[in-house]
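Dear colleague,

Please read them with the structure open beside you.

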Amino acid sequence: MRTVIIYYSMSGNCEQTAERIAQRIGADTLRLYPETAYPSSGLKKFLWGGKSALMGETPVLKPYDFNADNYDRIIFGFPVWASSFTPPLRTFINENANVIKGKDFAAFTCLSGSGADKALGKLRDYLGIDAFSAELVLLDPKSRPNEKNDDKIEELCRKLG
């Protein structure tokens, strides 16, 4: 399957994971950037990002190049904010809802705490699907690399073929 990994990354965890998966399965990547960057440190990082996720905000994204006709599968990657997927993904899905409908979807998330299952469930609901073809949850893969995360990435790649 022709695959693209569409992701948002603030601290580099999702970026590193997306690149590893893309290299392993031969996928393209598309990193989403909001026009106005979220605070990346301190209390503002959690308050601003959490509020944005809880309120279902859709930030304006910097221009990106995406042609859905080029892909059969879309893998979404995101950090968990307030037990939800990140707002830049919400914007992307809204902007491309008609052209991504019926694609095969998979997802991965990187986090430091909890809420991954809820976030993945919210993303499935937002996409209007019952299940992902594969999903992955990683705890701080960039700052705390370990064999368990490596094994999980490898397992996801095997599922995706």
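Which residues do ring pairs link into a cluster? They are Tyr 64, Phe 66, Tyr 71, Phe 76, Phe 92 and Phe 105. Please keep in mind while reading that this is a predicted model.

In total, the structure holds eight aromatic pairs. One of them is formed by Tyr 8 and Trp 81, whose ring centres lie 5.8 Å apart and whose planes stand at 85 degrees, so this pair is edge-to-face. The pair links distant parts of the chain, since Tyr 8 sits in the loop between strand S1 (3–7) and helix H1 (13–25), while Trp 81 sits in the loop between strand S3 (73–79) and helix H3 (87–100), and the two residues are 73 residues apart. Tyr 8 has a relative accessibility of 5% and therefore counts as buried, and Trp 81, at 10%, counts as buried too, because the cut-off for buried is under 20% relative accessible area.

Within the cluster named above, Phe 66 and Tyr 71 form a stacked pair, with 6.1 Å from centre to centre and 5 degrees between the planes. Phe 66 is buried, with a relative accessible area of 15%, and Tyr 71 is likewise buried, with a relative accessible area of 11%.

Finally, there is a contact between a charge and a ring, in which Arg 90 lies over the face of Tyr 126, at 4.6 Å from the ring centre.

Terms used: Residues numbered from 1 in each chain as written. Predicted model: local features only at pLDDT ≥ 70, side-chain atom pairs only at ≥ 80, totals over all residues. Heavy atoms only, no water. Phe/Tyr/Trp six-rings, centres within 6.5 Å; stacked < 30°, edge-to-face > 60°. Helix = DSSP H or I, 4+ residues; strand = E, 2+ residues; numbered from the N terminus. Buried < 20%, exposed > 50% of the residue type's maximum accessible area, 1.4 Å probe, protein only. Lys NZ or Arg CZ within 6 Å of the ring centre and 35° of its normal.
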